[in-house]
Every structure is written in C-alpha cells, then in structure tokens.
Amino acid sequence: MSYPQQLTPEEKLADAKRLLSLPLIVVICGSTRFMPEMNEADLRETEAGRIVVKPGCDLKSPHGLWSDPVEAEALKARLDDLHRAKIRLADEVLVVGDYIGDSTRAEIAYARSLAKPVRFTHPGVDPDA
C-alpha cells in the first residue's frame with residue numbers, strides 16, 4: 001500500500017501562492033547604503049506587477065530605535081532573521097548596488113541554497129560569476 005507523500009513547507013507555500021493567484025514576489029537585497037536605489041528598484045518591480053519586500057530599517061542612518069549599541073546589535077540579529085524569512089517567502093531575489101558585502105554575500109548564498117533565482121542590478125558583482 002502506498003501512502004501519499006507529505007508536502008514540504010516550501011511546497012505548501014508554493015501551492016498556496018498558486019491557489020491565491022499571487023504575483024511574483026521579489027525580495028530586494030543589498031547594502032543599506034543603496035536605500036535610494038532599493039526604493040527605485042521597488043518602484044520598477046511594483047510597476048512591473050510584482051510584490052516587493054525589502055529591508056525596512058537602515059541601521060546606518062540615525063534613529064532612536066537603534067541608538068543604543070547593545071540594542072542595535074540585538075536588532076541587527078532580529079533583522080537578519082527577518083530578511084532570511086523574506087528570502088524564503090520570495091520567488092526571486094534582486095540584489096541592488098555595485099558592491100557586495102558579507103551580509104549580502106550570505107543572503108545570496110542562502111537564496112541560492114533554496115534554489116531561488118537571483119538577479120543583479122549590476123551583474124558584474126555576482127560572487128559566483
């Protein structure tokens with residue numbers, strides 16, 4: 001007797017997105033030094049009919065939420081976890097900017113480990129090119 005194979009959480013998510021007829025979901029990655037470029041990419045991707053998720057906090061810009069260094073470090077860890085969740089949610093990744101730092105390099109590797117397509121605004125910075 002054969003039993004139906006259980007779907008993985010990723011397969012369940014993909015099925016739910018199909019059933020809901022959701023547009024392609026794109027996550028924007030890159031150094032927060034490129035926030036203006038990320039906003040422009042968000043605009044262009046949205047105009048193309050895609051759902052966009054991107055970093056919501058720029059820890060390089062002063063703000064009361066991360067003015068305390070200890071709290072800022074804890075927040076960074078939470079934001080890194082949140083961004084990995086955005087990568088899992090997304091159908092593809094768009095890397096913005098002409099520089100790839102350690103965090104962005106790790107995000108690219110994570111996305112590729114999940115078999116997510118990765119696009120670049122500056123293809124020459126692809127660490128695997």
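A residue counts as buried when its relative accessible area is under 20%. The figures below show a predicted model, and the first of them uses this cut-off.

**Figure 1. Phenylalanine 120 is a buried residue of strand β4.** Phenylalanine 120 has a relative accessible area of 13%, which is under 20%, so the residue counts as buried. Its place in the chain is strand β4, which covers residues 118–120. Leaving out residues up to four places away in sequence, phenylalanine 120 touches Leu94, Val95, Ile100, Ile108, Arg112, Val125, Asp126 and Pro127. Leucine 94, one of these, is 26 residues away from phenylalanine 120 in sequence. In space, the C-alpha atoms of phenylalanine 120 and leucine 94 are 5.6 Å apart.

**Figure 2. Helices α3 and α4 cross in a right-handed way.** Two packed helices are described by the angle between their axes and by the distance between the axes. Here the axes of α3, residues 69–89, and α4 come within 10 Å. They cross at roughly 35 degrees, and the crossing is right-handed. On the side of α3, the contact is made by Lys76, His83, Arg84, Ile87 and Arg88. On the side of α4, Ser103, Glu107, Tyr110 and Ala111 take part.

**Figure 3. Threonine 104 is a buried residue of helix α4.** Helix α4 runs over residues 102–113 and includes threonine 104. Is threonine 104 buried or exposed? Its relative accessible area is 4%, so threonine 104 counts as buried. Apart from neighbours within four places in sequence, threonine 104 is in contact with Gly30, Ser31 and Val95. Val95 is also among the residues that phenylalanine 120 touches.

**Figure 4. Glycine 97 is a buried residue in a loop.** The loop in question lies between β3, residues 92–95, and α4. Glycine 97 has a relative accessibility of 3%, so this residue counts as buried. Which residues does glycine 97 touch, not counting those up to four places away in sequence? They are Phe34, Thr121, His122 and Val125. Val125 is also among the residues touched by phenylalanine 120. Serine 61 is 36 residues away from glycine 97 in sequence, and their C-alpha atoms are 18 Å apart.

**Figure 5. Serine 61 is a partly exposed loop residue.** Serine 61 is placed in the loop between β2, residues 51–53, and α3. Its relative accessibility is 32%. This value falls between the limits of 20% and 50%, so serine 61 counts as partly exposed. Threonine 32 is 29 residues away from serine 61 in sequence. The C-alpha atoms of serine 61 and threonine 32 are 9.1 Å apart.

**Figure 6. Glutamate 73 is an exposed residue of helix α3.** Leucine 59 lies 14 residues away from glutamate 73 along the chain. A distance of 9.8 Å separates the C-alpha atoms of the two residues.

**Figure 7. Serine 21 and alanine 115 have positive phi values.** Most residues other than glycine have a negative phi. Serine 21, in contrast, has a phi near 55 degrees. It is found in the loop between α1, residues 9–19, and β1, residues 25–29. Alanine 115 has a phi near 65 degrees and lies in the loop between α4 and β4.

**Figure 8. The whole chain gives the setting for the close-up views.** The protein chain contains four helices and four strands. From the N terminus on, its elements run α-β-α-β-α-β-α-β. The C-alpha trace spans about 60 × 35 × 30 Å along its principal axes. Of the 129 residues of the chain, 34% count as buried. Among contacts between residues at least 6 apart in sequence, 66% join residues at least 24 apart. The accessible surface of the chain is about 8,400 Å², and 58% of this belongs to carbon and sulfur atoms.

How values were computed:
Residues numbered from 1 in each chain as written. Predicted model: local features only at pLDDT ≥ 70, side-chain atom pairs only at ≥ 80, totals over all residues. Heavy atoms only, no water. Helix = DSSP H or I, 4+ residues; strand = E, 2+ residues; numbered from the N terminus. Buried < 20%, exposed > 50% of the residue type's maximum accessible area, 1.4 Å probe, protein only. Contact = heavy atoms within 4.5 Å. Areas by Shrake-Rupley, 256 points an atom, 1.4 Å probe, with all protein chains shown as cover. Axes fitted to C-alpha atoms, helices over the stretch in contact; angles between N-to-C directions. Left-handed = near helix turned anticlockwise from the far one by under 90°.
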